[in-house]
Amino acid sequence: MNDMSPNKAEREAKLEGMGCRRKRVEDVRFTQGKGNFVDDIKLPGMLFGDFVRSPYAHARIKGINIKKAMKVPGVLAVLTATELKGVNLAWMPTLAGDVQMVLADGKVLFQNQEVAFVVATDRYAAADGVEAVEVDYEALPVLVDPFKAMDKNAPVLREDLKGKTSGAHGPRKHHNHIFEWTMGDKDLTEAAFRKADVTIKELISYHRTHPSPLETCQSVASFDKIKGELTVWGTFQAPHVIRTVASLISTIPEHKIHVISPDVGGGFGNKVGAYPGYICSIVASIVTGKPVKWVEDRIENLTATSFARDYHMTAEIAATKDGKVQALRVHVLADHGAFDACADPSKWPAGFFNIVTGSYDFPVAHCAVDGVYTNKAPGGVAYRCSFRVTEAAYCIERAMDILAKKLNMDPAELRLKNFIRRDQFPYQSALGWEYDSGDYHTAMKQGMEKIGYPALREEQKRKQADFKAGKTRDIMGIGVSFFTEIVGAGPSKNCDILGIAMFDSCEIRIHPTGSAIARVGTKSTGQAHETTWAQIIATEIGIPSADIMVEEGNTDTAPYGLGTYGSRSTPVAGAAIAMAARKIKAKAQMIAAYMLEVHEGDLQFDIDGFRVKGLPEKFKSMKEIAWAAYHSVPPGMEPGLEAVSYYDPPNMTYPFGAYFCVMDIDVDTGVYKIRRFYALDDCGTRINPMVIEGQVHGGLTEAFAIAMGQEIRYDAGGNVLTGSFMDFFIPTAVETPVWETDHTVTPSPHHPIGAKGVGESPNVGGVPAFSNAVNDAFGFLGATHIQMPHDYWRNWEAAKSLGLIK
Amino acid sequence: MIPGTFEYHRPKSVAEAAKLLRKSKDGRVLAGGHSLLPMMKLRMTEPSALIDLGAIAALRGIKKTGTKLVIGAMTTQHELLASALVAKNLPILHETAILIADPQVRYVGTIGGNVANGDPGNDMPAVMMALDATYKIAGPTKARVVKARAFYKGSYETALKAGEIVTAIEIPVPGKHGFAYEKLKRKVGDYATAAAAVLITLKAGKIAACAIALTNLAPTPLLAEAAAAALVGRAPDDAAISAAVAAARKIMDPANDTRGTPAYRKSVGGIYVERAIKRAIARAAG
């Protein structure tokens with residue numbers, strides 16, 4: 001050691017490990033247009049498939065005539081349900097235990113449903129072929145309103161389920177009923193309501209919307225008849241599960257199926273499920289013997305692949321007169337569309353909706369969810385949230401505000417009064433979860449201080465007086481939201497998908513020169529795994545992040561994992577990465593001990609190598625140890641330096657946060673201005689603060705969109721009114737508010753590095769903050785609850801219903 | 001989102017374009033393409049030929065001839081924004097063009113396409129009606145002119161006959177005036193939920209001349225003549241403005257779409273007329 005040696009801080013900085021604002025390595029290719037997405041894949045002789053889709057929301061198919069289509073130059077085949085029946089693929093299983101038509105079998109159940117698949121030499125010929133297919137439809141009565149789904153005379157949608165009085169999740173009450181799912185103690189809850197000083201009850205709807213990732217869903221399937229092998233490149237958030245499902249339904253052995261997720265341009269839940277396009281491209285490749293590409297356009301993505309939400313929640317809270325909550329009761333009417341293609345762990349038909357008690361200490365609670373079929377696109381997926389968690393957070397955060405209003409209490413004060421206290425963790429919730437950790441009071445108070453909460457309330461009072469005096473037509477709203485997420489699905493005791501436990505995995509191989517490759521079972525769709533996974537390893541074993549390549553998405557090379565959604569990557573795969581790294585570190589320590597001729601217990605890890613305790617000059621760097629691993633391992637030890645870890649988490653993780661939105665609304669036009677938005681997130685240990693902030697910015701922007709206007713809307717005939725970005729609200733940088741981000745750190749006690757997941761928190765916490773701001777603005781004029789989305793015209797409608805418009 | 005088969009032509013002169021258009025039967029001329037191409041991709045329109053006007057130099061440019069500004073139909077929105085002549089003589093065109101879509105669209109989208117397509121959501125037609133512009137039209141036989149105020153017949157229906165091409169827009173340059181184009185839209189790039197164009201001249205404390213036109217508040221752009229008449233000859237006070245707003249609301253017949261219900265759009269349409277009148281008055285007085 002001399003003056004030229006790098007000091008501790010320099011050595012640490014060189015690693016770019018956990019806590020470092022390391023720039024996203026994947027952006028080097030993305031910002032130069034050098035990403036490799038599914039549509040970039042071009043194979044020799046590749047064909048293109050395109051769908052004939054139904055213009056009707058509900059109709060019987062009396063005939064399909066493909067003669068004209070087959071005469072279109074370049075068209076080679078037209079698949080219909082008849083052809084698919086030949087390979088037993090006219091229907092496919094959904095993740096929710098239902099079945100779904102791949103191509104319309106006898107009838108169509110939603111507008112833009114897949115009816116036939118035209119295969120042609122290029123996508124132009126395929127589109128011409130689609131135009132030439134003649135389908136004879138007989139229109140049937142359409143069911144759009146979920147509240148009418150279980151009417152006695154409601155049209156029968158699913159004729160395939162005739163006579164089935166029970167489904168994958170128990171008894172069915174009606175021909176359009178899917179399941180009823182209940183949690184909690186009904187009797188105790190009822191008793192608490194009977195005794196309560198104060199109760200509130202409100203129908204809180206979370207409208208149907210769509211994740212709409214930048215890249216739509218797509219696939220390229222290539223079947224090699226000689227080898228009997230199938231390769232599928234696709235926009236998959238969970239490639240390994242797709243391979244297993246493909247094997248189960250195609251009967252091709254799993255080792256002969258190669259599923260590859262190349263670069264994926266955003267998922268947000270949209271790319272978790274299996275879609276008819278994937279199946280049809282595979283069947284078409286088997287039929288034609290050539291690679292077949294299917295690429296969805298924007299309208300198809302918005303109208304046919306999975307939507308999100310459409311939960312209609314009747315929430316009730318019982319409380320004491322001084323504002324202590326006593327019980328929560330929620331009934332949900334869940335509109336799943338034509339097929340239950342909900343992307344949830346298999347035993348959870350309503351996802352983790354039972355997180356609906358939120359951040360509050362409810363002694364008892366009960367919730368029941370009824371799923372129903374309607375003539376709408378099937379789903380739904382978790383749009384940037386853990387399964388149905390954003391619905392639950394919206395429900396409880398609105399309900400708490402409604403209770404505050406009834407009690408004439410400040411909504412922040414009511415929350416502080418009812419938070420689960422720090423000393424109550426681990427906390428058993430009334431609906432069955434064990435919250436691992438939290439410090440809600442600290443986070444809330446920090447948020448209130450940073451936003452200047454008391455001053456804002458004072459200002460609001462003055463503005464309200466001005467409004468009543470006719471001096472202004474602007475009203476001011478302060479939205480408070482405090483959310484608890486439940487992410488990291490999940491422990492095998494709770495979670496599986498089609499029987500596969502929801503673990504995740506990592507394999508790390510250190511090369512002789514001290515660089516490394518890490519392969520992980522997750523799949524980044526923009527979350528920067530190539531950047532942040534390397535940072536975990538860098539800190540754990542002392543190799544610079546820059547020397548670690550991260551690879552995901554190829555089922556032949558990556559260890560089996562359940563994929564990326566529900567903010568599970570860091571809680572589950574992040575743990576597997578740390579555990580694999582620790583295995584490597586343990587072996588490295590043995591090698592270092594042999595090199596330094598000491599007992600391994602005499603060594604201590606020091607940033608980027610091992611040092612002999614008490615003899616600081618005796619040091620071996622990880623680089624030197626790596627080299628030794630390939631030429632001079634201790635006698636009896638296997639050479640090489642690699643490890644695999646499969647991590648089954650002991651519990652979920654529970655990120656939380658305090659969000660505040662300050663908004664002004666002009667009642668005459670309904671035009672709103674977001675004055676401030678403050679987001680405090682506690683996601684436990686922070687791996688890369690810059691990536692976290694980016695995730696929070698993105699999630700808040702989506703939350704803003706959803707709360708303030710983004711919806712999938714149908715007319716009474718089941719026609720989609722928001723089928724393109726002209727009508728479906730995607731905010732630009734101009735509309736998007738300025739985000740103020742902040743954090744506290746409460747590490748997860750059971751996670752190897754204490755991290756909890758963050759990507760979805762801003763969507764979960766953001767939506768109620770916006771909606772509460774709108775409701776808070778109108779509250780002093782008599783509004784109790786105004787349904788989302790809060791776009792200009794609906795704000796005006798709200799003002800009108802309050803008698804504010806002449 | 002893939003169009004059907006079509007021929008593509010890129011003529012060098014208006015005469016050649018007119019000839020190609022006549023020959024093609026159901027061909028369409030292509031300007032910026034921001035309305036036409038999406039319609040073709042949706043196969044809602046399937047012309048057998050596209051005659052691209054982009055290579056016809058004679059259709060570009062802005063010049064002042066006497067008391068008129070003449071703008072070539074293929075002049076882009078961006079070129080309008082960059083023009084000193086427009087800034088000086090017809091600042092309302094500036095104010096309107098900057099509200100159309102986004103920079104990428106404005107680099108390609110043209111004034112001719114905007115006024116000739118008959119889309120009630122386009123912004124320039126109402127402004128042209130307020131300005132009393134004249135469209136110069138080349139046809140299969142002879143050229144003719146049509147006033148903007150007589151051009152719009154229905155949603156996507158105009159006075160343009162088969163084989164005709166709008167070649168230029170001629171706008172009388174007003175004297176000292178106040179102007180405003182007030183547009184409510186949900187986001188950048190969106191069509192107007194409601195918008196109003198207003199031009200006002202003041203003389204001796206009274207409104208001497210006024211023109212008001214409305215965007216996307218009916219199947220066509222509307223010239224709100226009764227609204228303007230309610231202001232002319234009166235002092236620019238609240239009573240006069242209220243009368244004008246009420247008259248403007250009377251002729252509104254907006255569609256029910258994701259931008260709002262007809263009741264909302266009429267209500268907010270009146271507010272935007274009011275705002276435009278007030279801003280135009282302030283500018284006229286300043």
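Over all chains, the structure holds 73 salt bridges, each being a side-chain nitrogen of Lys or Arg within 4 Å of a carboxyl oxygen of Asp or Glu. This is a predicted model, in which local features need pLDDT of at least 70 and side-chain atom pairs count only at pLDDT 80 or more, while totals for chains, interfaces and linings use all residues. Residues are numbered from 1 along each chain as its sequence is written, chains are lettered from A and ligands numbered from 1 in the order in which they are written, and side-chain values use heavy atoms, with hydrogens and water left out.

One of these pairs joins D504(A) to R568(A), with N and O 2.6 Å apart. It links distant parts of the chain, since D504(A) lies in strand β26 (residues 504-510) and R568(A) in the loop between β28 (548-552) and α15 (569-596), 64 residues apart; strands are DSSP runs of E with at least two residues, and helices are runs of H or I with at least four, numbered from the N terminus. Both D504(A) and R568(A) are buried, a word that stands for under 20% relative accessible area, whereas exposed means over 50% and partly exposed in between (1.4 Å probe, protein chains only).

D401(A) and R415(A) also form a salt bridge, their closest N and O atoms being 2.8 Å apart. Because D401(A) lies in helix α10 (residues 389-407) and R415(A) in helix α11 (residues 411-418), the pair ties together parts that are 14 residues apart in sequence.
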